[in-house]
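Student: Please show me the model, and then we can go through a few of its parts.

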Amino acid sequence: MSTTLYLVRHGETVWHAENRYAGVSDVALTAAGREQAARLGRWAAGAGVDTVWASPLSRARATAAPAASALGCPLTIDGDLAEVDFGSAEGRTLAELDPAEAAAFLADPVRGAFPGAEDPRKAVERGTAVLRRIAARHRGERVLVVAHNTLLRLTLCGLLGIAPSSYRTVFPQVRNCAVTELRVTGRTAALMAYNVPTG
């Protein structure tokens with residue numbers, strides 16, 4: 001029996017316009033981000049979603065809360081859904097980084113991960129494990145999972161058999177509050193839709 005996971009990146013944050021790396025930093029939603037979250041809640045109410053999970057970071061919880069409220073279900077938090085720690089890049093833009101570090105990251109974001117960052121391969125393991133755990137707990141259901149741009153892209157690579165070093169080119173961006181649909185059956189996963197707007 002398969003589980004449908006609706007994977008969603010949190011709404012727009014105050015660092016979005018400047019394209020700052022917000023990994024483990026707890027950054028608030030903008031007014032636009034809160035409106036995106038409200039639209040996601042309305043979408044979830046009409047999409048037959050059974051339950052809602054989210055990262056513990058406030059931007060993800062604030063994005064998921066309207067959907068949980070609309071559905072009348074609890075919001076389940078799991079630390080393994082948190083964003084990747086970007087180490088020396090936290091709170092900074094690429095232009096603000098050491099040019100050699102930025103070039104290494106752009107050439108290969110796994111082998112060239114920022115100093116002090118979470119190993120992207122470990123993030124793949126963490127992300128795939130938590131999504132498989134959620135799918136196993138909710139067999140036959142539809143689950144909304146609110147998480148983060150880089151974690152979701154790395155996890156999609158892990159579940160779909162794509163090299164993690166390709167995550168930035170294969171999945172250039174998970175848009176804020178757009179829906180990526182994944183069908184999980186046992187150890188297999190199928191990508192059904194990617195970056196679908198909610199309204």
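Tutor: Helices and strands here are DSSP runs, numbered from the N terminus, and a strand has at least two residues. This is a predicted model.

Student: Is T180 buried or exposed?

Tutor: The relative accessible area of T180 is 2%. Buried means under 20%. T180 is therefore buried.

Student: Which residue has its backbone nitrogen 3.2 Å from a polar atom of the side chain of T180?

Tutor: Leaving aside neighbours within four places in sequence, T180 is in contact with several residues, including L5, L156, Y194 and N195. A polar contact needs N or O atoms within 3.5 Å. The backbone nitrogen that lies 3.2 Å from a polar atom of the T180 side chain belongs to N195.

Student: What is the bridge partner of R183 in β6?

Tutor: Strands β5 and β6 run antiparallel and are joined by six bridges. They form a hairpin with two residues between them, and G186 in the turn has a positive phi of about 60°. In β6, R183 is partnered by A190.

Student: What is the hand of the crossing of α1 and α2?

Tutor: Helix α1 spans residues 31-46 and helix α2 residues 58-71; their axes come within 8 Å and cross at roughly 35°. Among the residues that meet are A37 and L40 in α1, and A62 and L71 in α2. By class, this contact has ten nonpolar, two polar and no charged residues. The crossing is right-handed.

Methods. Residues numbered from 1 in each chain as written. Predicted model: local features only at pLDDT ≥ 70, side-chain atom pairs only at ≥ 80, totals over all residues. Heavy atoms only, no water. Buried < 20%, exposed > 50% of the residue type's maximum accessible area, 1.4 Å probe, protein only. Polar contact = N/O pair within 3.5 Å; in protein donor to acceptor, adjacent residues only side chain to side chain. Contact = heavy atoms within 4.5 Å. Pairing = 2+ DSSP bridges. Helix = DSSP H or I, 4+ residues; strand = E, 2+ residues; numbered from the N terminus. Axes fitted to C-alpha atoms, helices over the stretch in contact; angles between N-to-C directions. Left-handed = near helix turned anticlockwise from the far one by under 90°. Nonpolar A, V, L, I, M, F, W, Y, C, P; charged D, E, K, R; others polar.
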